[in-house]
Amino acid sequence: FMCAIATRINVIPRHMDIENHKCNCGYIYTHNHEASIEHILRCDMSTSYTHTLGHNLVRDTIATIVRTYGIAVTSEPRCFNYTDGVKHRPDLLFHTQPFALATDVTMVHTDVDLATAEQDKRNTHSKACEAANTIFTPFAMYTRGTLGNAAEQLIRQLSKAIEPSLQKSFRQDIIHAVSVAAARGRASALLSAVDRRRF
């Protein structure tokens, strides 16, 4: 919890300081904590907790909360046909009525435009999902926790598949759970980088 709060405010706790230590990629951590934290979140060589693990934590958290509210979910469905010859698949397929919903999670750094990240996901998945009578909405968020507009739209779409009296609770629960998952990912990356420093 302390690590999650620290990364949120761009501080590395004193007992975990990595200043003047070298990342496996050659980057030397400085007294600039914000730059050091950003490097840890970007560089898979700095930590054994990669961006893929952080992405999967958010994806699995979404699936867990949605299932808790009674919506069936398939992870990494293989029922869509793509015309570019690449074996794509969205992260989650929600079995809602009258149309199924699909999403693909992307976590981007603060210097990337969320709208651009959302459009990239739409370009990859929308046509294949549409051909299967499925509505695709990307779930883009910053590694620091801010959700994109499309992610908020997806949450609203999913809430419509839930009993009206539970819709507000669902929206609050999923936003909270995703924020916590992203924070756990950041904290795990920092802890892993500190562990590497010791060896």
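In strand β5, the bridge partner of A100 is T134. The structure is a predicted model, in which local features require pLDDT of at least 70 and side-chain atom pairs count only at pLDDT 80 or more, whereas totals for chains, interfaces and linings use all residues. Residues are numbered from 1 along each chain as its sequence is written, and side-chain values use heavy atoms, with hydrogens and water left out.

Helices (H or I, at least four residues) and strands (E, at least two) are DSSP runs numbered from the N terminus, and two strands are taken to pair if DSSP finds at least two bridges between them. Strand β3 comprises residues 100–103 and pairs with strand β5 (residues 134–136) in the parallel sense over 3 bridges. The pairing of β3 with strand β2 (residues 92–94) is antiparallel, again over 3 bridges. Here A102 of β3 is the bridge partner of L93, and 5 residues lie between the two strands of this hairpin. Both faces of β3 are covered: A100 and A102 on one side, and L101 and T103 on the other, are all buried. Buried denotes a relative accessible area under 20%, exposed one over 50%, and partly exposed a value in between (1.4 Å probe, protein chains only).

Side chains of opposite charge can pair when their charged atoms come close. With a salt bridge defined as a side-chain nitrogen of Lys or Arg within 4 Å of a carboxyl oxygen of Asp or Glu, the count comes to 6 salt bridges. R42 takes part in a salt bridge with E38, with the closest N and O atoms 3.2 Å apart. These two residues stand 4 residues apart in helix α2 (residues 33–42), and therefore about one helical turn separates them. E38 is buried at 14% relative accessible area, while R42 is partly exposed at 38%. R42 also forms a salt bridge with D111, at 2.7 Å between the closest N and O atoms. This pair links distant parts of the chain, 69 residues apart, as D111 lies in the loop between β4 (105–108) and α4 (114–131) and R42 in helix α2. D111 is exposed, at 58% relative accessibility.

A further salt bridge joins E76 and R89, whose closest N and O atoms are 2.8 Å apart. Both residues are partly exposed, E76 with a relative accessible area of 26% and R89 with 30%. E76 and R89 belong to a network of salt bridges that also includes R59 and D60.

R186, in helix α6 (residues 167–197), is buried yet has no salt bridge. With Lys and Arg counted as positive and Asp and Glu as negative, and His and the chain ends not counted, the nearest side chain of opposite charge is that of E38, 9.0 Å away. The side chain of R186 instead reaches the backbone oxygen of T143 at 2.9 Å, a polar contact (a pair of N or O atoms within 3.5 Å; within protein, one must be able to donate a hydrogen and the other to accept it, and residues adjacent in sequence count only if both atoms are side-chain atoms).

Rings of Phe, Tyr and Trp (its six-membered ring) pair if their centres lie within 6.5 Å, with planes under 30 degrees apart counted as stacked, over 60 as edge-to-face and the rest as tilted. By this rule there are 2 aromatic pairs. The pair of Y27 and Y29 is edge-to-face because the ring centres are 5.5 Å apart and the planes stand at 75 degrees. Y27 is partly exposed at 26% relative accessibility, whereas Y29 is buried at 5%. Y69 and F170 likewise form an edge-to-face pair, with 5.2 Å centre to centre and 80 degrees between the planes.
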